[in-house]
Amino acid sequence: MSGSDKITTDLGMPGTATVPAGVPPLTEQTRREAREIITRYPQPRSALLPMLHLVQSVQGYVSPDGISLCAEELGLTKAEVGAVATFYTQYRRRPAGEYHVGVCTNTLCAVLGGDEIFRQLKDHLGVGHNETTEDGTISLEHLECNAACDYAPVVMVNWEFYDDQTPASARDLVDKLRSGQPVAPTRGPDRQCTFKEMSRVLAGFPDDLATQGVQAGPATLAGLQLAQQRGETAPAYPDEEKS
Ligand code: FES
């Protein structure tokens, strides 16, 4: 094995990795779609991030086979692809649940109840950070700021917002997801997509749900509306010649 092949994480070692039971294989269609993604960029390697999402849309995580496919198509080493896949937290090293639940435990959410929500979900689901329930429906992660502090404490499911949560509402949310009851984010589309569906959107294959629902809610717009009432505007950018 060459030095460039030494990937020593859960992404596995080429030729020795085993795909977990129930994980579908990558197919020729996956490879065709990977090549379609590559054509969208002036430099092929710029396609790596959406290609990794494409792998997740099929297998639910970035598998060793997914690393190999990306490396082959982009002319990169497996180590280079693995370095990217292990840097960004959106890429899973083990199969994500059908619904990936992220609880913000950054400062504002934490003091308003995020820490307690995360603690109670761990107990309720019987899993810890970055673990998946045995039935494969829910994976749990504590997240740093979701950029939704005005609705703290915030929980995300596959990157969709659930605002102003409490321990009880978060438990109810995961119970509904596990039992297959319909659930809709507080803002965004009128149904909760699965992790694989969301990964496909992030790979650049839209589901046409992006424009559904409220995008910026009243709390987000409050400062803007106050400024408009007062006639305040943002300072102009300095003139380029003077800067
Ligand atoms: S601190 Fe939780 S969304 Fe910003």
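Author: What follows goes from the overall layout to the core and then to the pieces around it.

First, a word on how to read the model. Residues are numbered from 1 along each chain, following the sequence as written. The model is predicted, so to speak of local features a pLDDT of at least 70 is needed and side-chain atom pairs count only at pLDDT 80 or more, while totals for chains, interfaces and linings use all residues.

The protein has eight helices and five strands; helices (H or I, at least four residues) and strands (E, at least two) are DSSP runs numbered from the N terminus. Along the sequence they follow the pattern α-α-α-α-β-α-β-β-β-β-α-α-α. The domain assignment, whose bounds come from an automatic or database source, gives domain 1 (3-87) and domain 2 (99-194). Their C-alpha centres are 28 Å apart.

Of the 243 residues, 35% count as buried. A residue is buried if 20 or more other C-beta atoms lie within 10 Å of its own, exposed if 12 or fewer, and partly exposed in between, with C-beta atoms placed from the backbone. A nonpolar core is a set of buried Ala, Val, Leu, Ile, Met, Phe, Trp, Tyr and Cys residues joined through C-beta atoms within 7 Å.

The largest nonpolar core holds 47 residues, and Met-51, Val-101, Leu-121, Val-154 and Val-155 touch the most other members. Helix H2 gives the most to this core, with six residues. Both domains take part: domain 1 and domain 2 each supply at least three residues to this core.

Two residues let you see some of the contacts (C-beta atoms, placed from the backbone, within 7 Å). Leaving out residues up to four places away in sequence, Val-154 touches Cys-104, Cys-109, Asn-146, Ala-148, Phe-161, Tyr-162, Asp-163 and Gln-165. Ala-170, in helix H6 (residues 167-179), counts as buried because it has 23 C-beta neighbours inside 10 Å.

Strands pair if DSSP finds at least two bridges between them. Strand E1 (residues 99-104) runs parallel to E3 over six bridges, and Ser-139 in E3 is the bridge partner of His-100. Strand E2 (residues 131-132) pairs with E3 in the antiparallel sense over two bridges, with Leu-140 in E3 as the bridge partner of Glu-131. E2 and E3 form a hairpin with five residues between them, and Gly-136 in the turn has a positive phi of about 80 degrees.

Finally, turn to helix H1 (residues 28-38), whose buried residues are Thr-30, Glu-33, Ala-34 and Ile-37. These cover an arc of only 105 degrees around the axis, so they sit on the same side of H1; the arc is that of the directions from the helix axis to the C-beta atoms. The face turned away from that buried side carries the exposed residues Glu-28, Gln-29 and Arg-32. Among the elements covering the buried residues of H1 are helix H2 (48-59) and helix H3 (64-74).
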